[in-house]
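Let's take a friendly walk through a protein model. Have the sequence and the 3D view ready, and follow along as we go.

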Amino acid sequence: MSWIARLFDRGGKGRPRRPGARAASGAVSARSVRYASSPLLASKTPPWRSKFLVGLVGAGFLLLLGRAVYVQVIGTEFYQQQGANRYAYKLDLPANRGRITDRSGELLASSVEAPTVWAIPRDVTASAAEKRQLARLLDMSSGELERRLSDNPNFVYLRRQIDEPVALQVRALNLKGVHQLTEYKRRYPAGEAAAHVVGFTNVEDRGQEGIELAFQGALSGRDGSRRVIKDRRGRVVEDIGESVPPVDGRDIELAIDTKVQFFAYQRIRDAVAEHKAKAGSVVVLDVQRGEVLALANYPSYTPGERHNLGGGQLRNRALTDTFEPGSTMKPFIVGLALETGRVTPSTVIDTAPGRLTITGSTISDAHPHGALTVEQVIQKSSNVGTVKMAMQMQPREMWETFSAVGLGQKPQIDFPGAVTGRLRPYKTWRPIEQATMSYGYGLSVSLFQLARAYTVFARDGELISTSITLAQPPGTGVRVFSPETARAVRHMLQMAAGDGGTAPRAQAIGYSVGGKTGTAHKQEGKGYADKKYRAWFVGLAPINNPRIVVAVMVDEPNAGKYFGGDVAAPVFSEVVQKTLQAMGVAPDLDVKPQIVARHEDAVEESF
């Protein structure tokens, strides 16, 4: 019985009595005994357990404290940035890409708005019929559309840079999760005629070919930026900080004349078709300023539609393809012989019997000519006469002349892909190689290099630097031959393009011309193909005060005719006439010259 019960145990009568000191002492003793008799409290707690619990609590507190210090002090910049990323965004302000124009300001390339269709796949709720309709508008199969929607649940481009009418039809579908944004794509008004000059950009508006690639930095400008706060729905709430304005790209003004470019392209295209050739190229240079007036190639392509294109269409053959120049090298050998006093224009060279053997190899003319003056060697394109002059020279002299007119060197022109060609060191030349190089075998050049080399005759012995953009000031010249030598060779070129020469079909109505044909077997492996040729003609006009140099190349003519005088010279004639008219050059011939067009009346060149 507890002491509390005893206090009230008086038969339920009277008030409880106050316990005395002894009673209290007894109660305490009884209570102590009572608690001590509990099995749970009777067992002693090990000291290490309480210490362990206190340690855990302390460690947890220190961990929380350390994390708080890291978040608030050490890593505060990172977490602030992460927080800002949830609401602050950087919006790009794209710069406008510069335009490309010709010398008269005619547009060759400009940027136009082009809608782009994109989607948030997880938000797309279109039915199967609506998806089929969308796929049809975007010119893709339903399967391709489904694949794109399954690529990324957050964002996917469905079709970039579509036409505005198509964009309006897509917008009319009003599909949830399908959106549009405005991008820019390039428009090329000159189309395939100037494709190899202008080039094109990719879908990201970066230059891939031609001027678009060569002047990518200047055309693209510099994008700006704007920092904003967006709400959870992606709407711009306010601007934060200062915006960086975009810097638009610079316009590029080319030296190309659109009228000349169009006509050169059309004429080489027709010649390739007429002669069932593989390809063709035309280069037109302004010899007074060193500017490129036309650079045309066929086959070509439409810059805005580049589906299923091959390398043959994309290649700028006038700059990237090299070939053995054949008889077009003969005027440089004659020029060197005149310059060094070895011959005069009237010096007679015996070419009979039309053959010449050097170290066991025989060099032949197409027809035996007998005794020819130096002028006639160029007019008749005699290999034997040219070789006899070349073998009087040291190999170093020939090499230095070829190098001086830019052969074996990369053209200094702002255009991608221009090649060096091949001109081996003169110390490695054997006698037969020196002989064949004099008439254009054993070295290789591009059509552009050949056209520039002929400016040395058009500019009275100076080789001019060239430019694809408007030159301010005009290009400068480097002297290679004396004016007297250049004029003498120019007269020989006029003879070669006249009656009794290899290219009477090069004559132009109203203008005097001069030039040289070239025909060469095409190389295949380590030898030459039997029935594959390259034909070309390079010349200048008007003859007394040249304004232009025009070079024409036709690759693998296969319609019966393959000589440069038959295949390339007529293209030269028409391009010269149209170009000089476009430049406002007055005719220098009083009467219409007789155009000799019959093959049997022309002298076949040797090659």
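Predicted model: local features only at pLDDT ≥ 70, side-chain atom pairs only at ≥ 80, totals over all residues.

Now zoom out. E11 and E12 belong to an open sheet of five strands, in the order E12-E11-E23-E22-E21, with antiparallel pairing. Strand E12 (291-298) and strand E21 (514-524) stand at the edges with a single partner strand each, so one side of each has no neighbour in the sheet. From one strand to the next, the twist averages 15 degrees.

Which helix touches E11, E12 and strand E23? Helix H12, residues 258-274, packs on the sheet there, and its direction makes about 30 degrees with that of E12. Helix H22 (residues 483-496) also packs on the sheet, touching E21 and strand E22 (527-541). The direction of H22 makes about 75 degrees with that of E21.

## The nonpolar cores

Next, look inside. The largest nonpolar core has 86 residues, and those touching the most other members are Ile211, Phe332, Met389, Met398, Phe402 and Phe457. Helix H15 (residues 330-339) gives this core its largest share, six residues.

Leaving aside neighbours within four places in sequence, its contacts include Phe402, Val405, Tyr454, Phe457 and Phe481. Apart from this core lies another, of 36 residues, including Val550, Val571, Phe572 and Val585.

Terms used
Residues numbered from 1 in each chain as written. Heavy atoms only, no water. Pairing = 2+ DSSP bridges. Helix = DSSP H or I, 4+ residues; strand = E, 2+ residues; numbered from the N terminus. Axes fitted to C-alpha atoms, helices over the stretch in contact; angles between N-to-C directions. Contact = heavy atoms within 4.5 Å. Core = buried A, V, L, I, M, F, W, Y, C linked by side-chain atoms within 4.5 Å. Buried < 20%, exposed > 50% of the residue type's maximum accessible area, 1.4 Å probe, protein only.
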